[in-house]
Amino acid sequence: MNIRNKKSLIIIFCLIGCIVSIYGCKKSIIAQKPNILLICIDDLRPELKSFGANYISSPNIDMLANGGVSFMNHFVNAPSCGPSRYTLLTGQYGPANNNALFVRAKNIKEGIEAIEPSMPEWFRTHGYTTVSVGKVSHHPGGRGGADWNDSTIIEMPNAWDKHLMPVGEWQHPRGAMHGLGHGEIRNTEPIMDVFQTLEGNDEIYPDGAIANEALNQLRALSNDEEKPFFLAVGIIKPHLPFGAPKSYFDFYEGVKLPEIKNPQKPEGRTTWHQSGEFMKYNHWGKNPNNDTAFADEVRRHYAACVSYADAQVGKVMAELKRIGADKNTIVVLWGDHGWHLGEHAIWGKHSLFEESLHSPMIIHYPGMKHEGSKTDAIVETLDIFPTLCDLTGIEIPKFTQGISLKSILENTNAEGHPAIAYQDNATTIRNPNYRMTIHKDGFIELYDLTTTEKETKNIADKHPELVEELKKELKAKL
């Protein structure tokens, strides 16, 4: 072989080496991007031991809280599943109705207006494999149609590589969403019991199947060494009807429940309602507002559902650790809104009081400085999208309307910002001391949350300057 050929071979081998090296570096860089595990829990108020509810058994969520930062003043942007999840998944304020994401999908399909990418779509375009299991958008599995399983009607176009809803005995996603034990499906609410307890394992209710599928997806996603994953897991309970295996109800045998705060129907005009979602189920002719024994039963069944949901979180977190993915995964646990358990004589969500809007949020990521810390900073659901971008080093899109919480995660004493929420007929703003609600016709509710009266005494007429100041803040936010 002559010298020229030897030089050519050397150059070729060097080029090959460079290409392999560059590819290897690229692969390594991609692999170093943190995964994201987003756990969404339906109708979860901060009824957790780690959030101060000492009588609740929630060891798995509490363990996550012990390794992360708990946001004690996280408020959702709407007191209903659909619009709240819209804000989570788009990073933008949106319609106040449960079909908010379907309206967005229709607009995308018809090209009516330019629609910004959703959070999972944003991460997908930045190299992530995106998978949802269970109730992440409003419909479990993210499809429309009569039984929520029509693959031609997608709730979030372009968002997920897979959007899955195991239905087991419940036939279809609609059946599982409002299902009770052993495949019982809600057809007409008045004949379905508002709560139920049955002997059996976790699989006798739908969340057992959701958790098992989440484990399957974790294993598959962790085997991909080239792409990080964005896995969203949506747990249905404690959504109505309250159904959980008896073993979880037994946690509360003999446990004294705390008194219901402010159980009276509010005086004057508010966003109070008659608990229609709760009352349309079979409640045996009883009313928890005037039957303390029945109210106690309802609260214990809610607590049992919280413990059942907590167990599903535990399975997912244990599998994340078992496969070693916990070392490079950001975990966010989020409640989609709160739920009244008799406060203001309401049993349900759909108000603009604290109990409807206040939900737990916990964020953990490997190497964080303040594991097990709590922050009192006021934050809102809109902040999750930009926060996840910030933590993963991905560009924060300009269209998001929230604020990255990375600075609070790094300094839990840092200040938050006012939180906004809305319904069709009213909008509210919450800061550290006050909540102000403006009805569509201009009527104002103003509450001083530093007093013992809290949201029972409207002081709007006594503080016109404060009302105007909060109106300006609200206008600026929206």
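This is a predicted model: local features need pLDDT of at least 70, side-chain atom pairs count only at pLDDT 80 or more; totals for chains, interfaces and linings use all residues.
1. Against which helices and strands do the buried residues of H3 pack? The buried residues of H3 pack against strands E1, E10 and E15 and against helices H4 (100-110), H5 (119-125) and H12. Helix H3 itself spans residues 81-90 and is mostly covered, with 10 of its 10 residues buried. Among them are Cys81, Arg85, Tyr86 and Thr90. Glycine 91 follows H3, and its phi is positive, near 70°.

2. Next, the eight-stranded sheet. Its strands run in the order E6-E3-E8-E1-E10-E13-E2-E14. The sheet is open and its pairing is mixed. Strand E6 (162-164) and strand E14 (373-380) each have a single partner strand, so one side of each is left without a neighbour in the sheet. From one strand to the next, the twist averages 15°.

3. Look at one pairing inside that sheet. E10 and strand E13 (residues 361-364) are antiparallel and share four bridges. Valine 331 has histidine 364 of E13 as its bridge partner. Helix H12 (residues 384-392) lies across E10 and E13, and also across strand E1 (35-41), strand E8 (229-235) and E14. H12 runs at about 170° to E10.

4. There is also a four-stranded sheet. The order is E15-E16-E17-E18, open, with antiparallel pairing. Strand E15 (419-422) and strand E18 (444-448) are the edge strands, and each pairs on one side only. Neighbouring strands here are turned by 15° against each other on average, direction ignored.

5. How many bridges join E15 to strand E16? Four, and the two strands run antiparallel, with E16 covering residues 426-430. Isoleucine 420 stands opposite isoleucine 429 in E16. Helix H14 (residues 464-477) packs on this sheet and touches E15, E16, strand E17 (434-439) and E18. The direction of H14 makes about 75° with that of E17.

6. Aromatic pairs number 18 in the structure. One is stacked: tyrosine 302 and tryptophan 339, at 6.0 Å centre to centre with 25° between the planes. This pair links distant parts of the chain, 37 residues apart. Tyrosine 302 sits in helix H10 (residues 292-322), while tryptophan 339 is in the loop between strand E10 (329-335) and strand E11 (340-341). Both tyrosine 302 and tryptophan 339 are buried.

7. Another pair is tilted. Phenylalanine 353 and tyrosine 447 lie 6.4 Å apart, centre to centre, with 45° between the planes. They are 94 residues apart in the chain. Phenylalanine 353 belongs to the loop between strand E12 (347-348) and helix H11 (354-357), and tyrosine 447 belongs to strand E18. Phenylalanine 353 and tyrosine 447 are both buried.

8. Ring pairs also build a cluster. Tyr205, Tyr248, Phe251, Tyr252 and Tyr308 are its members.

Methods. Residues are numbered from 1 along each chain as its sequence is written. Side-chain values use heavy atoms; hydrogens and water are left out. Two strands pair if DSSP finds at least two bridges between them. Axes are lines fitted to C-alpha atoms, for helices over the stretch in contact, and angles run from 0 to 180 degrees between N-to-C directions. Contact means heavy atoms within 4.5 Å. Rings of Phe, Tyr and Trp (its six-membered ring) pair if their centres lie within 6.5 Å; planes under 30 degrees apart count as stacked, over 60 as edge-to-face and the rest as tilted. Buried means under 20% relative accessible area, exposed over 50%, partly exposed in between (1.4 Å probe, protein chains only).
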